[in-house]
Amino acid sequence: MEKRILLIDGMALLFRHFYATSIHKQFMRNSEGVPTNGTQGFIRHVIQAVHDIKPTHVAVCWDMGQKTFRNDMFEAYKSNRKAPPEELIPQFDHVKELSGALGFHNIGVVNYEADDVMGTIAKHYAKENRVFIVTGDRDLLQCIDEHVEIWLIKKGFKIYNRYDMSRFNTEYDLQPHQLVDVKAFMGDTADGYPGVKGIGEKTAVKLIQNHHSVEGVLDNIDQLTKGQQTKINTNVDALKLSKSLAQIHTDVPLDHESLIENMRYRLNLPLILNVCDEHELRVSKRYITSNFI
């Protein structure tokens with residue numbers, strides 16, 4: 001029987017809901033004074049996603065520390081990111097504890113990003129199953145195929161930018177894997193890698209539509225305008241590095257046989273409400289009670 005596999009970018013949800021409420025200083029502290037605004041938003045969002053997607057299997061994927069193999073390739077990778085606010089720090093461990101208590105399988109692999117883990121799982125299981133990835137990171141659009149959908153989180157808990165193969169092809173006139181080549185030219189200010197200075201998304205997309213890949217552009221560089229040639233030749237090393245950094249690694253070492261068993265999931269609302277009570281998550285409990293019971 002076809003499985004419906006839901007992969008959740010845990011940090012994306014935690015950060016999104018922390019910052020959505022902390023701007024108004026709504027930290028929702030528990031009786032010990034520990035902020036729970038991010039964790040409460042995480043719970044509401046995950047339960048809503050489970051309700052909407054109706055998965056048979058769920059994994060919540062996490063980054064494991066600040067350094068990955070990409071830092072070995074480029075020391076400045078993500079080095080421009082600010083330290084997290086002090087109210088968010090205790091929620092990192094708390095949200096993983098809650099995720100496990102709710103019955104979700106937590107997974108993270110040292111030296112890899114959560115994106116790499118999600119990409120690896122999606123690639124492995126999409127051959128015979130449906131895979132849904134809930135994330136805030138557009139980089140994961142490169143993992144779309146006929147059986148993989150990317151649900152990009154927006155405001156609230158129910159609204160997404162949903163991408164399947166048809167929408168991606170229509171919007172970009174490219175194949176999903178070519179997004180890596182586009183990002184190689186654009187660079188990524190959030191992740192701190194340069195790309196080619198002076199080439200933005202519109203030009204990058206056009207170059208890949210015409211020449212299919214970074215390598216195709218370089219092989220036909222004499223067909224470009226003089227300005228484009230100069231920009232690319234000046235930044236060719238940065239271009240090649242940026243492509244390597246933009247590529248989601250889909251061969252993370254995972255035990256797929258045990259993983260699929262650990263990911264089995266069935267919604268258990270009484271358990272969820274008990275977890276909310278135990279951790280004083282009153283806002284989450286009200287949301288779940290109002291929407292699903």
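Mentor: With terms. Helices (H or I, at least four residues) and strands (E, at least two) are DSSP runs, numbered from the N terminus. A crossing is right-handed if the near helix is turned clockwise from the far one by less than a right angle, and left-handed if anticlockwise. The model is predicted, so local features need pLDDT of at least 70, side-chain atom pairs count only at pLDDT 80 or more, and totals for chains, interfaces and linings use all residues. Residues are numbered from 1 along each chain as its sequence is written, and side-chain values use heavy atoms, without hydrogens and water.

Trainee: At what angle do helix H2 and helix H4 pack?

Mentor: Two packed helices are described by the angle between their axes and the distance between the axes. Axes are lines fitted to C-alpha atoms, for helices over the stretch in contact, and angles run from 0 to 180 degrees between N-to-C directions. Helix H2 (residues 37–53) meets helix H4 (residues 89–101) at about 30 degrees, and their axes are 9 Å apart. That makes H2 roughly parallel to H4. The cut-offs are: under 35 degrees roughly parallel, over 145 roughly antiparallel, 65 to 115 roughly perpendicular, the rest oblique. H2 and H4 cross in the right-handed sense.

Trainee: Which residues make the contact of H2 and H4?

Mentor: Contact means heavy atoms within 4.5 Å. H2 brings Asn37, Gly38, Thr39, Phe42 and Ile43. H4 brings Gln91, His94, Val95, Leu98 and Ser99. By class, the contact of H2 with H4 has 4 nonpolar, 6 polar and no charged residues. Here Ala, Val, Leu, Ile, Met, Phe, Trp, Tyr, Cys and Pro count as nonpolar, Asp, Glu, Lys and Arg as charged, and the others, Gly among them, as polar.

Trainee: How do the axes of H1 and H4 cross?

Mentor: Helix H1 (residues 10–22) and H4 have axes that come within 11 Å and cross at roughly 125 degrees. H1 and H4 are therefore oblique to each other. This crossing, too, is right-handed. On H1 the contact uses Met11, Leu14, Phe15 and Phe18. On H4 it uses Gln91, Phe92, Val95 and Lys96. The contact of H1 with H4 has 6 nonpolar, 1 polar and 1 charged residues.

Trainee: Next, H8. Which residues of H8 are buried?

Mentor: Buried means under 20% relative accessible area, exposed over 50%, partly exposed in between (1.4 Å probe, protein chains only). Helix H8 (residues 201–211) has Ala204, Val205, Leu207, Ile208 and His211 buried. They cover an arc of only 160 degrees around the axis, so they lie on the same side of H8. The arc is that of the directions from the helix axis to the C-beta atoms. An α-helix has 3.6 residues a turn, so residues three or four places apart point the same way.

Trainee: What covers the buried residues of H8?

Mentor: The cover includes helix H6 (165–172), helix H7 (179–186), helix H9 (214–219) and helix H10 (226–234). Take H7: it packs with H8 at about 135 degrees, with the axes 9 Å apart. H7 and H8 are therefore oblique to each other. H7 passes H8 in a right-handed crossing. Asp181, Val182, Phe185 and Met186 of H7 touch Glu201, Ala204, Val205, Leu207 and Ile208 of H8. That contact of H7 with H8 divides into 7 nonpolar, no polar and 2 charged residues.

Trainee: How far apart are valine 205 and valine 182 in sequence and in space?

Mentor: They are 23 residues apart in sequence and 5.7 Å apart in space, C-alpha to C-alpha. Valine 205 counts as buried, at 13% relative accessibility. Leaving aside neighbours within four places in sequence, valine 205 is in contact with Tyr172, Leu174 and Val182.

Trainee: Aspartate 116 sits in helix H5 (residues 114–125). Is aspartate 116 buried or exposed?

Mentor: Aspartate 116 has 0% relative accessibility, so it counts as buried. Not counting residues up to four places away in sequence, aspartate 116 touches Phe69, Arg70, Ile248, His249 and Val252.

Trainee: And phi? What is the phi of methionine 28?

Mentor: Most residues other than glycine have a negative phi. Methionine 28 has a positive value, near 50 degrees. It lies in the loop between H1 and H2. At 25% relative accessibility, methionine 28 is partly exposed. Aspartate 173 also has a positive phi, about 55 degrees. Its place is the loop between H6 and H7. Aspartate 173 counts as exposed, at 56% relative accessibility. Histidine 212 follows H8 and has a positive phi, near 80 degrees.
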